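Hi,

Here is the structure I promised to pass on. Please open it first, then read my notes below.

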Amino acid sequence: MRADRCCLLVLLPLLLPSAALAAKPPMVSWGKPGVTLAAYREDAVQCGRQGYYLDVSNTEAAKVFKDASRQLENNENNITASAMTGDTNRIMNMAVDSARIVERTQPARRMKEVRTLLQDTVAACLQARGYRQFRLTDSQQRRLRAFRLGSPERHAYLHGLASDPAVLETQQL
């Protein structure tokens, strides 16, 4: 029984990535019936720029990051001063303080907030131009992965799907 448990513990890390991949959400894209390749590319660039140039400096996430950066900078200055005096207890307390500041900031959550804001900006632009989201089938995803990111072939393949009214109708979200 102990050997079985040992084998399970060894195999568990190998099985978890497989389970995570199986739960991967399907790929989605944006399309508009009959859109030309030139218009499709131009709309993608224009909407992408709206997201790229969006000013996020006054968001809650940016304010939290700014405040945490100021606190961490103060801690760093204090640590340097304490290092010169050899006050190791104070240095350790400030190091723990720095860790708490980072923990309170919740950087992953804040970055997700900003990412969502940027994605929502791009989505609103595409929707205003008449685009709608559709889900790629497994076979379409496999075919898409065969093309190099950014390649003209990949763009042409996605455009073929995104401009096809039948694809948009049957695969819409």
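Start with burial. The protein has 173 residues, and 24% of them count as buried. Here, buried means under 20% relative accessible area. Keep in mind that this is a predicted model.

Next, the surface. The protein exposes about 12200 Å². Carbon and sulfur atoms supply 58% of that area.

Now the fold. You will find eight helices and two strands. Follow the chain along its sequence and the pattern reads α-β-α-α-α-α-β-α-α-α.

How far apart in sequence are the residues that touch? Take the contacts with a separation of 6 or more: 78% of them join residues 24 or more positions apart.

Then there is the largest pocket. Its volume is about 650 Å³. A probe the size of a water molecule, rolled over the atoms, shows where empty space is left.

Which residues lie nearest the centre of the largest pocket? They are Ser29, Trp30, Tyr40, Ala44 and Leu126, out of 23 lining residues. H2 provides the largest share, with seven residues.

What is the lining made of? It divides into 14 nonpolar, six polar and three charged residues.

Best wishes

Methods. Residues numbered from 1 in each chain as written. Predicted model: local features only at pLDDT ≥ 70, side-chain atom pairs only at ≥ 80, totals over all residues. Heavy atoms only, no water. Helix = DSSP H or I, 4+ residues; strand = E, 2+ residues; numbered from the N terminus. Buried < 20%, exposed > 50% of the residue type's maximum accessible area, 1.4 Å probe, protein only. Contact = heavy atoms within 4.5 Å. Areas by Shrake-Rupley, 256 points an atom, 1.4 Å probe, with all protein chains shown as cover. 1 Å grid on protein atoms, 1.4 Å probe; cavity = no way out; pocket = protein on both sides within 12 Å on 5 of 7 lines; lining within 4 Å. Points joined across faces, edges and corners; volume = space filled by probe spheres on them. Nonpolar A, V, L, I, M, F, W, Y, C, P; charged D, E, K, R; others polar.
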